[in-house]
Amino acid sequence: MLSIEQITPQLTWRLRRDILYPGEYMHDMEMEEDNHGYHFGAFEDNALVGVVSLFQHGSDWQFRKFAVTTNTQKRGIGTQLLSYITDFVERENGTRLWCNARLSAIGFYTKFGFSETGAIFHKNGLDYVIMEKNLPLK
């Protein structure tokens with residue numbers, strides 16, 4: 001059974017590193033914005049198996065550092081986390097949810113109504129594209 005809860009930024013760091021930045025130092029996972037965001041964890045049998053961080057900019061919300069453990073990928077955990085934060089942003093009257101998507105994740109986000117907004121950009125050795133989803137007003 002999967003549960004999703006709000007967690008402290010520190011709880012996201014190990015999964016961020018292990019999945020998104022293997023080989024990096026744990027202390028490099030902390031972002032300045034962490035103290036101003038919302039952080040969510042997906043738990044299965046009391047083990048943290050997915051994380052995502054969410055940041056508000058007016059009615060725009062950006063999610064970052066979205067990661068699911070390797071051994072639990074392809075089981076719908078990312079889908080449930082994305083659905084959870086989408087609902088959260090809608091409850092907070094957000095009108096746009098967006099992310100810097102790795103090119104390998106474009107297909108995943110497209111399935112959930114996200115669209116590419118522009119050019120591919122390169123950061124820290126990886127290629128990204130901004131993807132967004134406009135949300136209905138409540």
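Which residue lies over the face of Y21? That's R102, at 5.6 Å from the ring centre. By that I mean NZ of Lys or CZ of Arg within 6 Å of the ring centre and within 35 degrees of the ring normal.

Quick housekeeping. This is a predicted model, so local features need pLDDT of at least 70 and side-chain atom pairs count only at pLDDT 80 or more, while totals for chains, interfaces and linings use all residues. Residues are numbered from 1 along each chain as its sequence is written, and side-chain values use heavy atoms, with hydrogens and water left out.

Okay, aromatics. The structure holds 14 aromatic pairs, meaning Phe, Tyr or Trp rings (for Trp, the six-membered one) with centres within 6.5 Å; planes under 30 degrees apart are stacked, over 60 edge-to-face, the rest tilted. Take F66 and Y109: their ring centres are 6.5 Å apart and the planes sit at 45 degrees, so that pair is tilted. F66 is in strand β4 (residues 60-68) and Y109 in helix α3 (residues 106-111), so the pair ties together parts 43 residues apart in sequence. Helices here are DSSP runs of H or I, at least four residues, and strands are E runs of at least two, numbered from the N terminus. F66 and Y109 also belong to one aromatic cluster with F63, F108, F112 and F114.

Last stop, P9, in the loop between β1 (2-6) and α1 (13-20). P9 counts as buried because its relative accessibility is 13%. Beyond neighbours within four places in sequence, P9 is in contact with D34, N35 and H39, contact being heavy atoms within 4.5 Å.

Methods
Buried < 20%, exposed > 50% of the residue type's maximum accessible area, 1.4 Å probe, protein only.
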